[in-house]
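This report is for a reader new to the structure. It covers charge, fold and the interface in turn.

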Amino acid sequence: MAVVYKYQGSFMDRLESIDAFRKLQNRLAHDHDSSKPTIVIPAGTCAQASGANDLIRVTKRELLNRGLTDRIGLRITGCHGFCEAEPSVLIEPSGTFYPKVDVERMVRIVEAVAEGKVLNDLLYVDSSSSRKIEKQNDIPFFKKQVRTILARNEKVDPIRIYDYIENQGYNALVKVLKKGEPRWVVEEVKASQLRGRGGAGFPTGLKWELLANQRNGQGKYLVCNADEGDPGAYMDRSVLEGNPHSIIEGMLIGGYATGANQGVVYVRNEYPMAIKHLMIALRQCHEMGLLGKNILGTNFSFDIKLVRGAGAFVCGEETALIRSVEGKMGEPKQRPPFPVEKGIDGKPTAINNVETWANIPVIIAEGAKEFSKVGTKGSSGTKIFSLVGKIKNTGLVEVPMGISIKEIISDIGGGPVSKAKIKAVQTGGPSGGCIPADRFDLPIDYDSLTKAGSIMGSGGMIVMDENTCMVDVAKYFMNFLKDESCGKCFTCRKGIQRMYEIVEDVSKGEGTLDRLALLEELANVVKDTTMCGLGQTAPNPVLSTLRYFRDEYVEHVKNKHCPAGVCKALITYSINENCTGCTVCVKSCPENAIFGERKQPHRIEPEKCIKCGACKAVCKFEAVTVA
Amino acid sequence: MITLTINGLEVSVEEGSTLLEAAQFYGFPIPTLCHMEGLTPYGACRLCVVEIGEGPKAKLVSSCTYPAQEGLKVRTASSRVLKARKMILELLLASCPQSKVIQDLASAHQIRQQRFRQEHEDCILCGLCVRMCKEQMVAQAIGFRGRGEKRSIGTPFDIKSEQCRLCGGCIYVCPACQLRCTFTEPDKAICGGCANLSPPCVEKEPFDDMMCYMQPCVACEIKKD
Ligand SMILES: Cc1cc2nc3c(=O)[nH]c(=O)nc-3n(C[C@H](O)[C@H](O)[C@H](O)COP(=O)(O)O)c2cc1C
Ligand code: SF4
Ligand code: SF4
Ligand code: SF4
Ligand code: FES
C-alpha cells in the first residue's frame, strides 16, 4: 500500500509552469521500475459484472498477507476489450494473460507471480488449434488488432492522474502550448484525416476550422458526446471509464486550437462509473492547474463541466444534445443553423464523439503523418467496434480502418459460436443495416459501408447466424426506435410505428406481398421526410434486410414459415425419435406441456406450448426440434 | 436580400425568410398543417417538404423551418415531393380520419385509399396548441411530454393548470378535431361543417378524456344556456 500513496505529500500540487510539469513527469518516470512485476486487473463495468471486484479484494489481501506489496505492483484499470475472457488478469512486464480467473485461481496467480512462474493450466486455450497461449499479444483475438486507444487502458489506473502523466499523458497538450500556434493544431488535425467516430464521419479538422473561424467574443463551446445509446455498443463507456484523462487532454487541445473556452462532457446517467472516473479526473486536473484559468502557467484557460443525460437515444443527436444541455426537452432542431454557428445558448459549438477526442492526443503526439499511415485513404486511424452476437470472442476490438469484415469475424472474433453458419453482421446500431456473409470482404470504412446500405455508426457490430431471423431483427430495431424517436416529426413517429406494424404482421404470418411493397415505399418516405438523423436512418434496418434477405420475408408471407425458427407464431416445437425419455424437458417446461413416461418417447402438447424454447435448451439428445 | 431559385424561377427574398415564406410570396402553393402565421415554425407534420439541392445531394426538407439560402435550388412539386406528400397524407388519414382539415387535404391531393390499419387518434402532435398557448396567450399552460409512442400533450401532472386563461385558443387552432367541444352532453353534440358521421365527442365517455384543457370549457359554458 505504501507504493500507492508515495506521492501523497506532493499530490495535487498546482503545476505553475510547463517546466514544473516536465519535472513531475521526469520524477515519475525515474521512480518507475518497469521490471517490477505488476498484476493488472481490468475492472470496467463489464469486468466488475463478471467478478473482477472479488479478484481485486483477494489480490490485495494476498499481497498484504505475504508482504509482497513492495515487490509486486497491482494496477486496477478499465476494460481491455476481451470481454469473453473476463474476469481476466494480465501480468506485466511478461505479458502473461489469464482468462476467466476466479478467486482460487487468483491466489495461485499471486503466488506464481511472486515466484516468477507461469501457471500453464490456467493459460488461454486457442479453440481452433487447441494450443495454449501464454502472452496476451499472441492470442488471435489481440494479434490482428491495432490498439492505439484501447492498449492505453492497460497502462493507467483511471483514477490516478500520475499513471496517465507517467505514460506520456498531457505531453500532446504541452507540445501544443509550447508551439503556441492554434492554427497549426487545426492544420495538423486536418492533415491527419481523422473523421468523427460518432457515426456520420465528418472530418474533425474541418469542423474545428469552422469553429475557429467563428468570431470570438461571447465564448465558444466544445462538447464530448458520450450519450452512446446504440443497443449493444459500449466502446465510449470503456474509454471514458478506463482513460478519462485522454478525453480531457483531447478537449484541452481542441479548446486551444479553436479558441473555445468551455467544454461539456455529455454522459448518460446509466454510466455511473464513467461519471465517477471523469469527476475524479476533472478534480485532479483542476487541482493541478491542468484545467481552469492559466493552464500550466500559460495564458490559455479552459474549463470542462459534466452534464448528465437521462439516457434518450435521440439526445445523441447534436441539436437534441444541445437542447438537453440547455435544460430543455431533448428534441432535434432544424439545421441550418448548424451548431458550429449557433449551439449551446446560441454560441458556436463543436461536438465530437468520445473516441474522436481520444484520438486527438495521439495525432498531436505522433504527428498527423504518422497517424494517417494507419487505415485507408478516406478513413484514417483505428476504430473500436463492440463485437457481439453469435460469435465466439465477444468484446471490444480496435482495428485499422480498411480491414475486411471477414478478418474481424474469423480471425479476431474466432468465428461462429455453434455449428450454425454466420449469415450477416449488423453495423451502426438502429441507424445501420445488415451486411450479408457474401459481402464480408468489404473493407470497413465510412464510404464502403454506406454503399453497402449500412453505416459505420458509432461501432456496434452484431453478428448473426442461421438461427437469427432477419424479419425478427428488423422488428427488434423498429420496436426500439418507435420508443426512442423524439416524436416530433409525424413521419418519424407514425412512420416507424407503421413499419413496426407491418413487420410484426409478417412475423406472425399475416403479411401480404402488397404490404411488403407498402413497407418499402413507406421506408423510403420516412428516410426522406424526417428532420434529424434518427428518422433519416431509422428505415435502414428494414431496407437493408429487405435488400439482402427478401426471400426470408417472402417465406414468412407466402409459406407462413420462419426459416430461422424464431418467429413464435410460425413455429412448433416437437420431440423426435432421439428422445430417451430422460424427463429433463418435462421439468423445464413452465407450462407443463410435455407428456410421457420415463424412458418412453415424450410428446409436446401444441395447445399448451408457449414456444419458450426451454425444453430445447435442456435436451441433451437433440430430440427437441423446431419447425 | 437572398437570391434563390424556386421551380426554375429566380427570386429574391429577405434574409431570415423560410423557404415556405419565399414560395408562398411568389405564389407557389405548399400544403401545411402544423404551420400558422404568428406562431414559430416547428416542423412537426412534414407535409410542407420541398426538394433542395441537385444530383445525389438532393434532399427533402421541411420548408416551414428551412431558411432561404443564397443560390439554393428549390422544387416545390417534384415527383419526389409529391410522392412523399401523398404518403404523409395517407398516414394522417389512417390515424386521424375524423379531422376535417386532414380530410380536405387528402381530397385535394387525390388520396383515394388508405392502406394502413385504421386508427382514430385525438391528436397528431402538431404542437399548434402548445405554441398558441405559449406564444400568443403567454400562458404556457400545456406542453409536450414523453417521446416516441408515448409522446402526448397536457398540463403538468395532468391537473387543472393555474396558468390556463380559459381562452380556448388551443382548441381553436387544433386541426385534428374541431368538434371535440361542441357541447357538454354528447348526444346533443352537433356535427359542424364536415361530413363526419361520428363526431369523436360522441364516442367519448366521460368528458374528461377529451383534448380540452379548459376547466370549465368556455365554449361549453356558453352553449349550455
Ligand atoms: C439519433 C442519433 C443518435 C446519435 N448518438 C450518438 C452517440 O450516442 N454518440 C455520438 O458520439 N454521436 C451520436 N450521434 C452523432 C452525433 O449527432 C454527432 O454527429 C457526433 O457526436 C459528432 O461527433 P464526431 O464528428 O466526432 O463523430 C447520433 C446521431 C443521431 C442522429
Ligand atoms: S426525425 Fe424523429 S427523432 Fe428526429 S426530430 Fe424528427 S421525430 Fe424527432
Ligand atoms: S385555453 Fe388555456 S391551454 Fe388553451 S391556449 Fe388558452 S391558456 Fe393555453
Ligand atoms: S391537440 Fe390539436 S393542435 Fe394540439 S398538437 Fe394535437 S392536433 Fe395539434
Ligand atoms: S407545415 Fe412544415 S412541417 Fe408542418
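## Charges

Lys and Arg count as positive and Asp and Glu as negative, while His and the chain ends are not counted. The place of a charge is taken as NZ of Lys, CZ of Arg, CG of Asp or CD of Glu. Chain A has 82 positive and 74 negative charges, and their mean positions lie 1 Å apart.

## Basis of the model

The model is predicted: local features need pLDDT of at least 70 and side-chain atom pairs count only at pLDDT 80 or more, whereas totals for chains, interfaces and linings use all residues. Residues are numbered from 1 along each chain as its sequence is written, chains are lettered from A and ligands numbered from 1 in the order in which they are written, and side-chain values use heavy atoms, without hydrogens and water.

## Chain A

The C-alpha trace of chain A spans about 80 × 65 × 40 Å along its principal axes. Of the 627 residues in chain A, 59% are buried (under 20% relative accessible area, 1.4 Å probe, protein chains only).

Contact means heavy atoms within 4.5 Å. Counting contacts in chain A between residues at least 6 apart in sequence, 70% join residues at least 24 apart.

## Interface with chain B

In chain B, 35 residues are in contact with 33 residues of chain A. The two chains bury about 3,100 Å² between them, with 53% of it on carbon and sulfur atoms.

Methods. Buried < 20%, exposed > 50% of the residue type's maximum accessible area, 1.4 Å probe, protein only. Buried area = accessible area lost by both parts, 1.4 Å probe.
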